[in-house]
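Colleague: Please take me through this model, one question at a time.

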Amino acid sequence: MTTNGREIKLDPVPASVRVARDFVRRALCELGLPGCVDDGVLIVSELVTNAVRAAPQTPCVVVVGIGAGHAVIEVHDGSSALPQRRDPDFVGEHGRGLHVVEALCEGWDCVPSDDGKAVIAVLRPQVRETPREGNAGK
Ligand SMILES: Nc1ncnc2c1ncn2[C@@H]1O[C@H](COP(=O)(O)OP(=O)(O)OP(=O)(O)O)[C@@H](O)[C@H]1O
Ligand SMILES: [Mg+2]
């Protein structure tokens, strides 16, 4: 359950990945979580790429909100097939996306729905910039 959710409906085409990245960047900043933008943008890239590939006939919906103090990104698609984490293959070209997502977030899950499913990623707390000592003004 998230609050302050922002939502965008995307065409199931590769160009939507970029639209999703821009949307997540803007949404996280509006929610006061600019320190989550780097992780969020990478995560949504992988999830929307997968959604567009899995459900090329139906729109993909991205929701960004806050749940239990964490930024949460949901990517809904119209396929009932569930994501399958592949064994790491450092030679193959595919099967890395969900490993990237897993490495960047606190946790992720998949929730089936009547018209497909949602893949939900809970982001890590935002990184706070700490001022560097010394070298100021050099
Ligand atoms: N939204 C989805 N719907 C259905 N199946 C999915 C979805 N996302 C991932 N999968 C399945 O899980 C597999 C692993 O996904 P993952 O993103 O790790 O690798 P990939 O998409 O195959 O390759 P890569 O992301 O490295 O280009 C996919 O090959 C696909 O079979
Ligand atoms: Mg992928």
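Colleague: Which residues of helix 2 are buried?

Modeller: Helices are DSSP runs of H or I with at least four residues, strands are runs of E with at least two, and both are numbered from the N terminus. A residue counts as buried if 20 or more other C-beta atoms, placed from the backbone, lie within 10 Å of its own, as exposed if 12 or fewer do, and as partly exposed in between. In helix 2 the buried residues are Val37, Asp39, Gly40, Ile43, Val44, Glu46, Leu47, Val48, Ala51, Val52 and Ala54.

Colleague: What numbering and what confidence limits apply here?

Modeller: Residues are numbered from 1 along each chain as its sequence is written, while chains are lettered from A and ligands numbered from 1 in the order in which they are written. The model is predicted: totals for chains, interfaces and linings use all residues, whereas local features need pLDDT of at least 70 and side-chain atom pairs count only at pLDDT 80 or more.

Colleague: In what order do the elements of the chain run?

Modeller: The chain has three helices and five strands. From the N terminus on, their order is β-α-α-β-β-α-β-β.

Colleague: How do the residues in the contact of helix 1 with helix 2 divide by type?

Modeller: The axes of helix 1 (residues 16–30) and helix 2 (residues 37–54), lines fitted to the C-alpha atoms of the stretch in contact, come within 9 Å and cross at roughly 145°, on a scale of 0 to 180 degrees between N-to-C directions. Residues are in contact if their C-beta atoms, placed from the backbone, lie within 7 Å; here the contact involves Ser16, Val17, Ala20, Arg21, Val24, Arg25, Leu28 and Cys29 of helix 1, with Val37, Gly40, Val41, Val44, Ser45, Val48, Thr49 and Val52 of helix 2. Ala, Val, Leu, Ile, Met, Phe, Trp, Tyr, Cys and Pro count as nonpolar, Asp, Glu, Lys and Arg as charged, and the others, Gly among them, as polar. The contact residues divide into 10 nonpolar, four polar and two charged.

Colleague: Which helix gives the most to the shell around ligand 1?

Modeller: The ligand is surrounded by 16 residues, the closest being Asn50, Ala54, His94, Gly97 and Leu98; a residue is near a molecule if its C-beta atom, placed from the backbone, lies within 6 Å of it. The shell comprises six nonpolar, six polar and four charged residues. At least two shell residues come from each of helix 2 and helix 3 (97–104). The largest share, four residues, comes from helix 2.

Colleague: What is the phi of Ala68?

Modeller: Ala68 sits in the loop between strand 2 (60–67) and strand 3 (70–77). Ala68 is exposed because its C-beta neighbours inside 10 Å number 9. Most residues other than glycine have a negative phi. Although Ala68 is not a glycine, its phi is positive, about 50°.

Colleague: How many other C-beta atoms lie within 10 Å of Ala71?

Modeller: Ala71 belongs to strand 3. Beyond four places in sequence, its contacts include Leu28, Gly40 and Leu123. Ala71 is buried, since the number of other C-beta atoms within 10 Å is 29.

Definitions and conventions: Contact = placed C-beta atoms within 7 Å.
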